[in-house]
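Visitor: Hi, I have a structure open and would like to talk it through. Could you help me read it?

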Amino acid sequence: MTDTVLRIASYNIRKARGLDQKRLPGRTLQVINRLQADIVVLQEADRRVGTRKPAIPRKLIEAETDFRLVDVCSNGISLGWHGNAVLMRDPAQVVKVARIPLPGLEPRGAVRLDMTFGGGLSLVAAHLGLLRRDRREQLEALCHATANSPHAVIAGDFNEWSHRKGLEPLAGKFDTHAPGHSFHARRPIAALDRFALSHGVELRGAGVEQGALARRASDHLPVWSDIVIPAAATC
């Protein structure tokens with residue numbers, strides 16, 4: 001077997017509502033298409049009230065992209081769970097989906113996808129809380145939830161403004177990378193959107209999509225990382 005190279009992107013789409021206050025799902029998908037990613041994790045992919053309807057119609061995803069939506073929702077309506085959704089070009093690689101409740105004052109959750117890439121990969125899509133003490137507990141929960149994974153990536157909106165504080169639970173197992181300033185899209189000053197790679201997963205490159213369309217489509221800019229997943233060891 002050979003190593004696997006993937007581009008994973010993370011994008012808080014703000015329920016497809018842009019800085020012009022227009023809800024334009026097609027515009028959001030145009031930004032996603034420009035990322036040239038193999039996997040895209042989305043935050044705020046659903047409305048927060050009522051039945052949590054999708055911010056982007058499923059049929060529009062099928063018509064305007066070559067991605068497929070991974071089934072992670074619990075109600076048969078939403079794109080995601082607690083707003084976390086995952087788009088993939090090859091969802092056949094997913095062998096298991098798990099929903100991970102997260103502690104804290106706000107209702108939060110993450111989703112874990114176990115995939116066959118390389119020697120096996122667990123991808124966690126997450127949107128962490130607004131309070132640092134909650135985020136620390138949430139990261140501890142995610143470390144526990146991936147303890148049995150051969151390789152793991154946590155991707156999403158970490159909501160952490162500091163480069164030095166708040167990420168302590170990841171130390172020892174994960175290397176955390178901030179591709180660049182992704183918030184606020186109008187004037188990016190904070191690296192809220194990040195990737196945490198377990199030891200053994202190599203980072204080849206990373207960046208922030210800063211095109212004119214991305215600067216209007218949400219209050220966050222999308223981030224991406226090119227990673228290498230080692231092949232399974234053979235005798």
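Visitor: Leaving aside its neighbours within four places in sequence, which residues is glutamine 210 in contact with?

Guide: Glutamine 210 is in contact with Arg215 and Leu221, where contact means heavy atoms within 4.5 Å. Before we go on, please note that this is a predicted model, in which local features need pLDDT of at least 70 and side-chain atom pairs count only at pLDDT 80 or more, while totals for chains, interfaces and linings use all residues. Residues are numbered from 1 along each chain as its sequence is written, and side-chain values use heavy atoms, with hydrogens and water left out.

Visitor: Okay, and where is glutamine 210 placed?

Guide: Glutamine 210 sits in the loop between β11 (202-208) and α4 (214-217); helices (H or I, at least four residues) and strands (E, at least two) are DSSP runs, numbered from the N terminus.

Visitor: Why does glutamine 210 count as partly exposed?

Guide: Glutamine 210 counts as partly exposed because its relative accessibility is 46%, and the scale calls a residue buried under 20% relative accessible area, exposed over 50%, and partly exposed in between (1.4 Å probe, protein chains only).

Visitor: How far apart in space are glutamine 210 and proline 188?

Guide: They are 9.6 Å apart, C-alpha to C-alpha, although 22 residues apart in sequence.

Visitor: And arginine 187, is it buried or exposed?

Guide: Arginine 187, which lies in the loop between β9 and β10 (193-198), counts as exposed because its relative accessibility is 61%. Its C-alpha atom is separated by 8.9 Å from that of arginine 215, which is 28 residues away along the chain.

Visitor: Changing topic: what about serine 225, buried or exposed?

Guide: Serine 225, found in strand β12, counts as buried because its relative accessibility is 1%. Not counting residues up to four places away in sequence, serine 225 touches several residues, among them Leu6, Arg7, Ile8 and Phe195.

Visitor: Which strand does β12 pair with, and over how many bridges?

Guide: Strand β12 (residues 223-229) is joined to β1 by 7 bridges, and the two run antiparallel; two strands pair if DSSP finds at least two bridges between them. Within this pairing, alanine 9 stands opposite tryptophan 224 in β12.

Visitor: What else pairs with β1?

Guide: β1 also pairs with strand β2 (residues 39-43), in the parallel sense and over 5 bridges, and there the bridge partner of alanine 9 is valine 40.

Visitor: In what order do the 6 strands of the open sheet come?

Guide: The order is β5-β6-β7-β8-β10-β9, with mixed pairing. The edge strands, each pairing on one side only, are β5 (94-102) and β9 (174-177).

Visitor: Last topic: which residues are closest to the centre of the largest pocket?

Guide: The closest are Glu44, Arg48, Glu106, Arg108 and His127, out of 22 residues that line this pocket. On a 1 Å grid over the protein atoms alone, a pocket is an open set of points where a 1.4 Å probe fits, with protein on both sides within 12 Å along at least five of seven lines, and lining residues have an atom within 4 Å of a point.
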